[in-house]
Amino acid sequence: MREIDCKVVYVGPEGRGKSTTIRALHDRLAPDTRGPVLSPTLPDGSTLFFDLLTVELGTLNGRRIRLQLLSAPGDPGRSEVRRTVLRGADGVIFVSDSSPGRMEANLAALRDLQADLEAFGQSGSVPVVFQHNKRDIPGAMSEDELNQAVNPHGAPAFAAVATNQEGVVEPVTAVSEQLVRALA
């Protein structure tokens, strides 16, 4: 059986829950649909290159479809690693931080994403879904505020608390649906 691997990359500011989301997804998905989480980390626990989780979506027209979910490091000093992970992405999940003082970090990460996609010739051709994480933080910005700032074009957006495994499946489902439609 032929196989199709779709690369979906989580991007966003440093420390906003990309790796936590991948681990939460692993725990939420049925064992027969997912592989192990591969997470090379630095001594401080931050992502060295990327986290990787492979998810089986099923078959389409006799082809087995798999998602390779990767998290790109958000540290501005690791932009080359982020670009390497992002290169060739079929879909992107932008993880924003709902904390009131993190909007500039959200916007900087979004500018970096847009610049990277343009540099790869993929601007406008890669589906982007938003995961507004850390919704449990006291004084969290409203979803409307976050969408107005980082998602003015109204792409699918979902509230999440990755540490509680809340709202982590919906962004993957939304980007998967767009990818499967494109493959069909």
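**Entry 1**

I count two strands as paired if DSSP finds at least two bridges between them. The model is a predicted one, in which local features need pLDDT of at least 70 and side-chain atom pairs count only at pLDDT 80 or more, while totals for chains, interfaces and linings use all residues. Residues are numbered from 1 along each chain as its sequence is written, and side-chain values use heavy atoms, with hydrogens and water left out.

Opposite Gly58 I found Ile65 of β3. The two strands β2 and β3 make a hairpin with two residues between them, and Asn61 in the turn has a positive phi of about 50°.

**Entry 2: the sheet**

I then traced the open sheet, whose six strands follow the order β2-β3-β1-β4-β5-β6 with mixed pairing. Its edge strands, β2 (51-60) and β6 (157-159), each pair on one side only. Neighbouring strands are turned by 20° against each other on average, direction ignored; axes are lines fitted to C-alpha atoms, for helices over the stretch in contact, and angles run from 0 to 180 degrees between N-to-C directions.

For β1 (residues 2-11) and β3 (residues 63-71) I noted nine bridges and a parallel run. Tyr10 has Ser71 of β3 as its bridge partner.

Helix α1 (residues 18-28) packs on the sheet, touching β1, β2, β3, β4 (91-97) and β5 (128-133), and its direction makes about 140° with that of β3; contact means heavy atoms within 4.5 Å. Helix α3 (residues 103-119) also packs on the sheet, where it touches β1, β4 and β5, with its direction at about 165° to that of β4.

**Entry 3: helix against helix**

How do the axes of α2 and α3 cross? The axes of α2 (residues 79-86) and α3 come within 11 Å and cross at roughly 55°. I therefore record α2 as oblique to α3, since angles under 35 degrees count as roughly parallel, over 145 as roughly antiparallel, 65 to 115 as roughly perpendicular and the rest as oblique. Arg82, Arg83 and Leu86 of α2 meet Asp112, Leu113, Asp116 and Leu117 of α3. By class, this contact has three nonpolar residues, no polar and four charged (Ala, Val, Leu, Ile, Met, Phe, Trp, Tyr, Cys and Pro count as nonpolar, Asp, Glu, Lys and Arg as charged, and the others, Gly among them, as polar).

For α3 and α4 (residues 143-150), the axes come within 10 Å and cross at roughly 35°. Here Met103, Asn106, Leu107 and Leu110 of α3 touch Leu146, Ala149 and Val150 of α4, a set of six nonpolar residues, one polar and no charged.

**Entry 4: confidence**

Last, I checked pLDDT, the predictor's confidence in each residue, from 0 to 100. The chain averages 89, and 94% of the residues score at least 70.

Conventions:
Helices (H or I, at least four residues) and strands (E, at least two) are DSSP runs, numbered from the N terminus.
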